[in-house]
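Hello,

Here is the structure I promised to pass on to you. Have a look at it first, and then read my notes below.

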Amino acid sequence: MKGPVEKVSPAETAAYWSTRPRGSQLGAWAGAQSEVVTSRAALDAAFADVERQFANAGPIPVPPHRGGWRIRPQTVEFWQGRPNRMHDRLVYDRFGDEWCLKRLPP
């Protein structure tokens with residue numbers, strides 16, 4: 001995928017956050033995304049701790065380490081494996097509000 005990327009505002013992050021299920025919100029508090037965890041048990045324990053912490057809370061606030069990014073794709077490429085290297089390779093290019101589909105050889 002190619003295209004410009006921009007950080008979304010804290011207000012937009014909060015608006016999206018409020019639509020997420022409570023369990024997903026708790027999971028976000030349990031660990032920073034893309035951080036290495038020592039084990040599944042450690043991650044489950046962190047979730048249980050967060051679940052206890054917010055047990056009697058109303059709406060769960062957005063964690064300080066959360067935010068969003070918007071990608072405005074200009075080009076998107078999809079591959080689907082097929083026998084004999086005859087893969088499907090489809091490229092969508094954006095021109096204004098229109099998308100153009102091209103098929104490329106593998």
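A term to start with: a salt bridge is a side-chain nitrogen of Lys or Arg within 4 Å of a carboxyl oxygen of Asp or Glu. Please keep in mind that this is a predicted model, in which local features need pLDDT of at least 70 and side-chain atom pairs count only at pLDDT 80 or more, while totals for chains, interfaces and linings use all residues. Residues are numbered from 1 along each chain as its sequence is written, and side-chain values use heavy atoms, with hydrogens and water left out.

**Salt bridges**

How many salt bridges does a search of the whole structure find? The search finds eight. One of them joins Asp44 to Arg40, with 3.1 Å between the closest N and O atoms. The two are about one helical turn apart, because four residues separate them in helix H3 (helices are DSSP runs of H or I with at least four residues, strands are runs of E with at least two, and both are numbered from the N terminus). Asp44 is partly exposed at 39% relative accessibility, whereas Arg40 is exposed at 58% (buried means under 20% relative accessible area, exposed over 50%, partly exposed in between, with a 1.4 Å probe and protein chains only).

**The sheet**

Three strands form an open sheet in the order E3-E4-E5, with antiparallel pairing (two strands pair if DSSP finds at least two bridges between them). Strand E3 (75-80) and strand E5 (98-103) are the edges, each pairing on one side only. Six bridges connect E3 with strand E4 (residues 88-95), and Thr75 has Asp93 in E4 as its bridge partner.

Arg103 and Asp88 meet at 2.7 Å, N to O, with Arg103 in strand E5 and Asp88 in strand E4, 15 residues apart. Arg103 is exposed, at 56% relative accessible area, and Asp88 is partly exposed, at 21%. Elsewhere, salt bridges that share partners join Glu6, Glu12, Arg70 and Arg72 into one network.

**Helix H2**

Which residues of helix H2 (residues 22-30) are buried? They are Gln25, Leu26, Ala28 and Ala30. Their cover includes helix H1 (10-17) and helix H3 (40-53), where contact means heavy atoms within 4.5 Å.

Enjoy exploring!
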